[in-house]
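Hi,

Here is the structure I promised to pass on to you. Have it open while you read, and my notes on what turned up in it follow below.

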Amino acid sequence: MLRPIMFVGTASDVGKSIITAGFCRIFRQDGYHPAPFKAQNMSLNSYATPEGLEIGRAQAMQAEAAGVPCHVDMNPVLLKPTSDQASQVVLNGRPIGTQSAYEYFRANDRLALFEAATQAFDRLAASYSPVVLEGAGSISELNLKKRDITNLRMARHAGAATYLIADIDKGGVFGSVYGTLALLEPEEKACIKGVIINKFRGDARLFDDGRQQLQDLTGVPVVGVLPYFRDIFLEEEDSVTLARKQMSPGAADRVQVAVVLLGRMSNFTDFDALAHDARVHLFYTHNPADLLSADIIILPGSKNTIDDLIALKNNGLAAAIVQAQRAGKTVVGICGGYQMLGRSVEDPDGVESQVAATAGLGLLPVRTVLQGEKTTQQRQFAFLDAPGTCQGYEIHMGQTTPEGHAQPVATLADGTLDGYAVSPRCWGTYLHGILDNAAVIDYLLAPYATTQVAPLDFAAFKQQQFDRLAALIRANVDMAQIYAALQP
């Protein structure tokens, strides 16, 4: 048995999720039975557990690295922003309503949520060792600390050996580490067993003096300096990382696949397998001209379908999508994108939007009504006439019905029909992860690809990436110190 371990940050996007996944894989390799945990996550990238509940995609990815099924206890509180000032609150895998930031941070609400989070952690800790906790944002936000349910308050409940991660690539690493630790209360700082410097460019020996200086300043050892890397792929937590992705068309010898950037875009990991296909150049755009130059246009999921659809009409993207489809381009919608391709989207109960209804793009003869009950299910399905069984998952709050005869994209294992295909070059589906299946990718690319390639086993590819990440961490972190800190 090992004590829990926790990774917290000097700021958001310093690499906590990736490092947590790497340690989940290390502990699995070393014969332990680890599981990830994040008390509260804010993300539009989510996943359906085997039990049909919803958690952040990052915790599902970390569970995959740990070699265990994902479970709702790994992420008991999930916030899914519906606007700049409000989020849907998902508690223990089910939505409990939409709240403004002010409402969410009221003290009484937080006490109940912290109790739910600690109960989830305790259940995990009874079955797994070690539990690998991830913090959120910065641990030294003084105005939020009293209401915090995710960082050092959780570390103290768990008795976790806690490591502070700082991103040196952002600059100012001395100030961020020193300032973060200086703002902690003594009982909080006692949790911190070491500092990990992340995203170092160049020869890490050049930072030897810096390591000693940080330890002298803070009294906390620097236990590792991780190099900046681009050659290890892991699913990313949220859309903040989209800024680092391709944003324009590429070489003419590849199939040009444009993903439409939406204001409340969700589950952009739907396109990871496609982006790794050697026949494809995949890019994200909100430029109508880029859509017209693409071979394939994909409308992704959205946490506010009506508002994002209205924005598409106002910025010229809706007209470009319709024009491209009429010109023979392929147009595909996934989840919220599927809803947008229909004739109308209605929200009579204000589930997501203050707008009760709006016309869709009219490319599919379907009608969507948003409803308060959310569908969250992992799915096995048959895709059109393709042989074999495919895998995916549903996360949506709408019901979409065809006007007239059904022309489904997929038949689920229970016989339910999903999606609508008006033609091979225009279809929509509720199935996230549908493009992780080689048969679907081959069908999508068939009209455009001029070369044949061996299909990518995306599941095996991801396992290789976890192993490579674990090896990188082992080579650059003092694992003996880590294991010593985890002794009960």
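The second largest pocket holds about 670 Å³ of space. A pocket here is an open set of points on a 1 Å grid over the protein atoms alone, with protein on both sides within 12 Å along at least five of seven lines, and its lining residues have an atom within 4 Å of a point. Grid points are joined across faces, edges and corners, and a volume is the space filled by probe spheres set on the points. Of the 27 lining residues of this pocket, Tyr47, Glu64, Gln391, Asp436 and Lys462 are the closest to its centre.

Before going further, please keep in mind that this is a predicted model: local features need pLDDT of at least 70, side-chain atom pairs count only at pLDDT 80 or more, and totals for chains, interfaces and linings use all residues. Residues are numbered from 1 along each chain as its sequence is written, and side-chain values use heavy atoms, with hydrogens and water left out.

Which element supplies the largest share of the lining of the second largest pocket? That is helix 2, with 5 residues. Helix 2, strand 21 (366-383), strand 22 (390-402) and helix 15 (458-476) each supply at least two. (Helices, H or I with at least four residues, and strands, E with at least two, are DSSP runs numbered from the N terminus.) By class, this lining has 13 nonpolar, 7 polar and 7 charged residues. Ala, Val, Leu, Ile, Met, Phe, Trp, Tyr, Cys and Pro count as nonpolar, Asp, Glu, Lys and Arg as charged, and the others, Gly among them, as polar.

- The largest cavity contains about 160 Å³ of space. It has 18 lining residues, with Ser302, Cys335, Glu352, Ile395 and His396 nearest its centre. Strand 22 gives the most to this lining, with 4 residues. The lining divides into 4 nonpolar, 10 polar and 4 charged residues.
- The second largest cavity has a volume of about 90 Å³. Among its lining residues are Ala273, Arg279, Asp436 and Phe458. Helix 14 (residues 438-445) gives the most here, with 3 residues. By class, the lining has 6 nonpolar, no polar and 4 charged residues.

Last, have a look at how helix 1 packs. Helix 1 (residues 16-29) and helix 2 (residues 57-66) pack at about 25°, with their axes 7 Å apart. Axes are lines fitted to C-alpha atoms, for helices over the stretch in contact, and angles run from 0 to 180 degrees between N-to-C directions. Helix 1 and helix 2 are therefore roughly parallel (under 35 degrees; over 145 is roughly antiparallel, 65 to 115 roughly perpendicular and the rest oblique). Residues of helix 1 that meet helix 2 include Ser17, Cys24 and Arg28, and on the helix 2 side they include Met61 and Glu64. Contact means heavy atoms within 4.5 Å.

Helix 1 and helix 15 pack at about 90°, with axes 8 Å apart, which makes helix 1 roughly perpendicular to helix 15. By class, this contact has 9 nonpolar, 3 polar and 4 charged residues. Among the residues that meet are Ile18 and Phe23 in helix 1 and Phe466 and Leu469 in helix 15.

Happy exploring!

Technical notes
1 Å grid on protein atoms, 1.4 Å probe; cavity = no way out; pocket = protein on both sides within 12 Å on 5 of 7 lines; lining within 4 Å.
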